[in-house]
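I opened the model to look up a few things and wrote down what came out. The entries follow in the order in which I looked.

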Amino acid sequence: MIYADNAATTRMSEAAIHTMVSLAQETWGNPSSLYTTGQRAKEVLEEARSAVAAAIGAEPREILFTSGGSEADNQAIRSAAELGKKKGKTHIISTAFEHHAVLHTLKKLESEGFTVTLLPVHENGLVVPEEVEAAITDETALVTVMFANNEIGTIQPIREIGAICRARGVLFHTDAVQAVGHLPIDVMLDNIDLLSASAHKFHGPKGVGFLYARKGIRLTNLIEGGAQERGRRAGTENVPGIGAMATALTEAAAGMSESAKRLSALRDRLIAGLSEIPHSALNGDATKRLPSNVNFCFEGIEGESLLLLLDDRGIAASSGSACTSGSLDPSHVLLAIGRVHDVAHGSLRLSIGDDITEADVEYIIKNVKEVVEYLRGFSPIWRDLVNGKKAFIL
Ligand SMILES: *Cc1c(COP(=O)(O)O)cnc(C)c1O
């Protein structure tokens, strides 16, 4: 199988698996216990905290371990909202193409009396810093903009947006789940106050992630209980998962620039190859995108059928985000960049990883071309387009 769905999840690295298993076997004590076995687990936690912090230019005490990206997003946004509310600030700015962990948290806050402005992301899938600036009011408590989009891979001008927020005294959160371990991040240089990450997007285990919160920002608990994580996240820590996350992130950081160079070239070959398909279009900016991400719309077909036929040919891909497949609604991300419903339905996301070869890339191009042509062969929409009953959009 050619796995081209790394934006949905990644395969754990050998080193991360090794860390996870050996911690489960040997370091199974409770980090809150005072005897040696427990204290060894506590050491593992703190070593992991230092490693994770180092990967994004943070201090260890600014890292809070969570159950993943969704929890980190929820906690970051809710914390900033509560801090704002105390000062009478109840306005939050975000974008139309955030992950649902962000959008649904914002919906919830709206029902609790907050006002939310969702900025447009334009045809190229990019947020314009000046538009963030223009949306800020005296009531604004938080700006939350994702680092890189999980469907179309576009990389946002995070440093510029962060600088604007800092100048205006507004907290800035970024959902960096797709970026951590893949793009260079320095929370100081990038002017980030709060950042969410998830281990299973960088070859670590599922069910573990972290929230960076700049020192001085008081977090709101989502889970009440014991005093773990300095009282900000109760529950006995997932020591094997956290240790494995640190291993995976250290490994990803070490190989980052080489991997990015190689993957960008393969990505560009995929884009060039798939662009040869008539009435197709790349979604999102061609260069300001993750080295791993390719996302296309093909007019006249259904993304779901395309995926099933590609699966038959040994290619694992996605039509949008894994979280929305199964629903027949077109992707909110593709709608946000202005794709109309019909076109948004015929989408394909390929997110490649280090294991991909040049031969795999050629195999993907050949098979996507064949399958799109085959599906168009009995698509009533395609027939209408060809007969001129409907106008082509792409
Ligand atoms: C995967 C993902 C999440 C959710 O992370 P989990 O660890 O699966 O909860 C949030 N945001 C983005 C951008 C993602 O890609």
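Entry 1: I started with Arg40 and Glu43, whose side chains meet in a salt bridge at 2.9 Å, N to O. The rule I used asks for a side-chain nitrogen of Lys or Arg within 4 Å of a carboxyl oxygen of Asp or Glu. This is a predicted model, in which local features need pLDDT of at least 70 and side-chain atom pairs count only at pLDDT 80 or more, while totals for chains, interfaces and linings use all residues. Residues are numbered from 1 along each chain as its sequence is written, and side-chain values use heavy atoms, with hydrogens and water left out.

I then checked where the pair sits. Arg40 and Glu43 are three residues apart in helix α2 (residues 36-55), so about one helical turn separates them. Helices and strands here are DSSP runs (H or I, at least four residues, for helices; E, at least two, for strands), numbered from the N terminus. I looked up accessibility with a 1.4 Å probe on protein chains only, where buried means under 20% relative accessible area, exposed over 50%, and partly exposed in between. Arg40 is partly exposed at 35%, and Glu43 is partly exposed at 42%.

Helix α2 holds another such pair: Lys42 and Glu46 are four residues apart in it, which again puts about one helical turn between them. Their side chains form a salt bridge at 3.4 Å, N to O. Lys42 comes out partly exposed at 33% relative accessibility, and Glu46 partly exposed at 29%.

**Entry 2: a salt bridge between loops.** Next I took Asp193 and Arg214, whose side chains meet in a salt bridge at 2.7 Å, N to O. This pair links distant parts of the chain, 21 residues apart: Asp193 lies in the loop between β6 (171-175) and β7 (194-198), and Arg214 in the loop between β8 and α7. Which of the two is buried, and which partly exposed? Asp193 is buried, with a relative accessible area of 3%, whereas Arg214 is partly exposed at 29%. I also noted that salt bridges with shared partners join Lys42, Glu46, Arg49 and Glu229 into one network. For the whole structure I got 24 salt bridges.

**Entry 3: Ala234.** I stayed with the loop between β8 (209-213) and α7 (239-275), where Ala234 is placed. Ala234 is buried at 6% relative accessibility. What does Ala234 touch, not counting residues up to four places away in sequence? I found Ile223, Glu224, Gly225, Gly226 and Gln228, with contact taken as heavy atoms within 4.5 Å. For Glu224, ten residues from Ala234 along the chain, the C-alpha to C-alpha separation is 5.6 Å.

**Entry 4: strand β10.** I counted burial along β10 (residues 293-298): six of the six residues are buried, so the strand is largely enclosed by the rest of the structure. Both faces are covered, with Asn293, Asn295 and Cys297 buried on one side and Val294, Phe296 and Phe298 buried on the other.

I then listed the pairing, which requires that DSSP find at least two bridges between two strands. Strand β9 (residues 280-282) pairs with β10 in the antiparallel sense over three bridges, and Leu282 has Phe296 as its bridge partner in β10. Strand β12 (residues 347-351) also pairs with β10 in the antiparallel sense, over five bridges. There, Cys297 has Ser347 as its bridge partner.

**Entry 5: the two domains.** The protein is divided into domain 1 (14-254) and domain 2 (256-386), with bounds that come from an automatic or database domain assignment. Their centres, taken over C-alpha atoms, are 29 Å apart. I found 28 residues of domain 1 in contact with 21 residues of domain 2.

The area buried between the domains is about 2000 Å², and carbon and sulfur atoms give 61% of that. Buried area is the accessible area (1.4 Å probe) that two parts lose on being put together, summed over both. In domain 1, His100, Glu151 and Ile152 lose the most area to domain 2, together 34% of what that side buries.

How many salt bridges cross the interface of domain 1 and domain 2? The rule finds zero. I did get eleven residue pairs in polar contact between the domains, both residues at pLDDT 80 or more. A polar contact is a pair of N or O atoms within 3.5 Å; within protein, one must be able to donate a hydrogen and the other to accept it, and residues adjacent in sequence count only if both atoms are side-chain atoms. On the side of domain 1 that touches domain 2, the elements giving two or more residues are α4 (100-111) and α7. The largest share of that side, three residues, comes from α7.
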